[in-house]
Amino acid sequence: MTTLSAAQTAALLPHAPLVAALRDAALELAAGKIACPQRQVLPMGEGGVLLSMVAVGADLAVHKLVTVVPDNRARGLPTIQGQVSVVRSSTGEWLCSLDGATVTGRRTAALSMLGVATLAAAPPHSVLLYGTGVQALHHLQALAALYPGACVRVIGRTLAAAEAFCRANAGTHVAVSPASAEEVPGDPDVVITCTTSAEPVYRGAAHRHGLIVAVGTYTPGAAEIDAATVRGCSLYVDDMANAQHEAGDLIRAEVDWSQVRPIAAALGGPGTFGSGRALECVLFKTVGSAAWDLAAARVAVTNLS
């Protein structure tokens, strides 16, 4: 079995094919063509967790085993570490092992881009990005690859953190600049939150045509988006089963789950921007699924062969 480094894994996962593979996987998951049990989450150490996620499709099966330790950032260590093992479903042959953190970062950002392509009213010109960590970097890279020319404003824990992030990534194909949390730019086309904050970082009013993509939290007690903002939006999630247990943004807002739709429900049309959507603000909350790792594995195996 070939074991691939982080750099090798990233090279096998270009953004556009990954978004296309995620679209297919979302439809397959909704149709029951991907077996994907709820992931196991086990406490580990002081504030860390061990995640075990499995998905089986007709072609491939994957098992992702990763650790998530938020305090590692202060230690100078990766927050997410682990591997994604890829197996051929028909033979049980172990094909490769991908870097788990890279798969997670790339497919999470690509899933956000699928949300943008499906739920935004138009290709984004202005994006407000919360976070200055690895996941924010993956999202900035995805935006640069798929929406070159967009203007991205970045808000970090501090203005200094946002300024440092923007300096480090000034060479991308998007215009990136820092912003202060106290002076949030008004009415961006898309808001993306990629933080580990347990309390809301975005409290902006839900406005017509806007899209909010909430990525960073995946526990029932944590929320990046203010409850009043959540209640003012049309709601989509990446995976209904996992979201009802893990989407703290929606759980804390006490939403009516009968009014929440999976992203697959928006993929039946042409798949163009705002196709058939109402004019209200839309919130797309993602919590992750092994089905998305399976989608990434399909792209990687195709490019590896």
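How exposed is R252, in terms of relative accessible area? R252 is partly exposed, at 32%; partly exposed lies between buried (under 20% relative accessible area) and exposed (over 50%), with a 1.4 Å probe and protein chains only. This is a predicted model, in which local features need pLDDT of at least 70, side-chain atom pairs count only at pLDDT 80 or more, and totals for chains, interfaces and linings use all residues. Residues are numbered from 1 along each chain as its sequence is written, and side-chain values use heavy atoms, with hydrogens and water left out.

**Overall fold**

- The protein chain has 10 helices and 14 strands. Both are DSSP runs numbered from the N terminus: helices are H or I with at least four residues, strands are E with at least two.
- Along the principal axes, the C-alpha atoms fill a box of roughly 55 × 40 × 40 Å.
- Of the 305 residues, 52% count as buried.
- The accessible surface is about 12,900 Å², and carbon and sulfur atoms hold 56% of that. Areas come from the Shrake-Rupley method with a 1.4 Å probe; for residues, only the protein chains shown count as cover.
- Among contacts (heavy atoms within 4.5 Å) with a separation of 6 or more, 68% join residues 24 or more positions apart.

**Helix α4**

- Helix α4 covers residues 100–119, 20 residues in total.
- From first C-alpha to last, α4 reaches 28 Å, close to the 28 Å expected at 1.5 Å a residue. The expected span is 1.5 Å times one less than the number of residues.
- The helix is mostly covered, with 19 of its 20 residues buried.

**Salt bridges**

- Side chains of opposite charge can pair when their charged atoms come close.
- The count comes to nine salt bridges. The rule asks for a side-chain nitrogen of Lys or Arg within 4 Å of a carboxyl oxygen of Asp or Glu.
- R298 pairs with E28, with the closest N and O atoms 3.0 Å apart. This pair links distant parts of the chain: R298 sits in helix α10 and E28 in helix α2 (residues 15–30), 270 residues apart. R298 counts as buried, at 15% relative accessibility.
- E199 and R252 meet at 2.8 Å, N to O. E199 lies in the loop between β10 (190–193) and β11 (211–214), while R252 is in helix α9 (residues 248–252), 53 residues away. E199 is partly exposed, at 44%.
- R203 bridges to D226, with the closest N and O atoms 3.0 Å apart. R203 is in the loop between β10 and β11, D226 in the loop between β11 and α7 (227–231), and 23 residues separate them. R203 is exposed at 54%, whereas D226 is buried at 17%.
- Shared partners join E28, D59 and R298 into one salt-bridge network.

**L304 in helix α10**

- L304 belongs to helix α10 (residues 290–304).
- L304 is partly exposed, with a relative accessible area of 39%.
- Leaving aside residues up to four places away in sequence, L304 touches L4, L12 and C96.
- L304 and V56 are 248 residues apart along the chain, and their C-alpha atoms are separated by 20 Å.
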